[in-house]
Amino acid sequence: MEADHSRRSIGRQPNMTHRTVKSLTDAAKPEDLFRSQWQHNRTSVLDEHKPYLDERWDEGCTNAWKLWEENVPSGYRGSYGRAGAHLREKCTSPWPVTAQPPALRVVTGRLLSRPETLTETEQLRLKAVLANCPDPMP
């Protein structure tokens, strides 16, 4: 835009509101134009549960419905759609998704613990490990 035009005169030409003209002229780079009010510091009911979903995803569980069902007992009150959308982002991520196995120390600790002392989450994780490990005894 030319420097000798005011924001008001710029807004009159294409019939834009003063707020639109202000956001366009204040943008330092094109990416600034794509930020909306919903992208700044907005919290979600899923935020505190994302680490668990991400951890389970990294362990190899990519079934969104199963992960949602596992997350409900831990206090998640959001919809399946919101959790599924978070996991779909992982599917469409440009970075490769690799399942990282749990640490040997963690698995050993769960195997050697009494089942009744494990939390529900730890029991589910142990079951997932055992389901993916072949039985060494024929």
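Which residue forms a salt bridge with Arg 56, the closest N and O atoms being 3.0 Å apart? In this predicted model, that partner is Glu 59.

The chain has 138 residues, and 22% of them are buried. Among contacts in the chain with a separation of 6 or more, 45% are between residues 24 or more positions apart. The accessible surface amounts to about 10,900 Å², and carbon and sulfur atoms account for 55% of that area.

Apart from neighbours within four places in sequence, Leu 53 is in contact with Leu 46, Leu 67, Asn 71, Ala 83, His 86 and Leu 87.

Asn 71 is part of helix H4, which covers residues 64-71. Is Asn 71 buried or exposed? Its relative accessibility is 1%, and because buried means under 20%, Asn 71 counts as buried. With neighbours within four places in sequence set aside, the contacts of Asn 71 are His 49, Tyr 52, Leu 53 and Tyr 76.

Aromatic residues form another theme, with 3 aromatic pairs in the structure. In one of them, the ring centres of Trp 65 and Trp 68 are 4.9 Å apart and the ring planes stand at 45°, so this pair is tilted. Trp 65 and Trp 68 are 3 residues apart in helix H4, which means that about one helical turn separates them. Trp 65 is partly exposed, at a relative accessible area of 43%. A further pair joins Trp 68 to Tyr 80: here the centres are 6.0 Å apart and the planes are at 80°, so the arrangement is edge-to-face. This second pair links distant parts of the chain, since Trp 68 is in helix H4 and Tyr 80 is in helix H5 (residues 80-91), 12 residues apart. Tyr 80 is partly exposed, with a relative accessible area of 32%. Taken together, ring pairs link Trp 65, Trp 68 and Tyr 80 into a cluster.

The charged residues can now be revisited. The structure holds 4 salt bridges, including the one between Glu 59 and Arg 56. Arg 56 also forms a salt bridge with Glu 70, where the closest N and O atoms are 2.8 Å apart. Glu 70 belongs to helix H4 and Arg 56 to helix H3, so this pair ties together parts that are 14 residues apart in sequence. Glu 70 and Arg 56 are both buried, with Arg 56 at 2% relative accessibility. Through shared partners, salt bridges join Arg 56, Glu 59 and Glu 70 into one network.

Another salt bridge brings together the side chains of Arg 125 and Glu 55, at 3.2 Å from N to O. Arg 125 is in helix H7 (residues 120-132) and Glu 55 is in helix H3, so the pair ties together parts that are 70 residues apart in sequence. Arg 125 counts as buried at 11% relative accessibility, whereas Glu 55 counts as partly exposed at 33%.

Finally, attention turns to the outside. Leu 111, Leu 112 and Leu 130 make a nonpolar surface patch of about 340 Å². Leu 112, one of the three, is found in helix H6, residues 104-112. Leu 112 is exposed, with a relative accessible area of 72%.

Definitions and conventions: Residues are numbered from 1 along each chain as its sequence is written. Side-chain values use heavy atoms; hydrogens and water are left out. Patches are made of residues with over 30% relative accessible area and no salt bridge: like charges are joined within 9 Å, nonpolar side chains (Val, Leu, Ile, Met, Phe, Trp, Tyr) within 5 Å. Accessible areas come from the Shrake-Rupley method with a 1.4 Å probe; for residues, only the protein chains shown count as cover. Helices (H or I, at least four residues) and strands (E, at least two) are DSSP runs, numbered from the N terminus. Buried means under 20% relative accessible area, exposed over 50%, partly exposed in between (1.4 Å probe, protein chains only). Contact means heavy atoms within 4.5 Å. Rings of Phe, Tyr and Trp (its six-membered ring) pair if their centres lie within 6.5 Å; planes under 30 degrees apart count as stacked, over 60 as edge-to-face and the rest as tilted.
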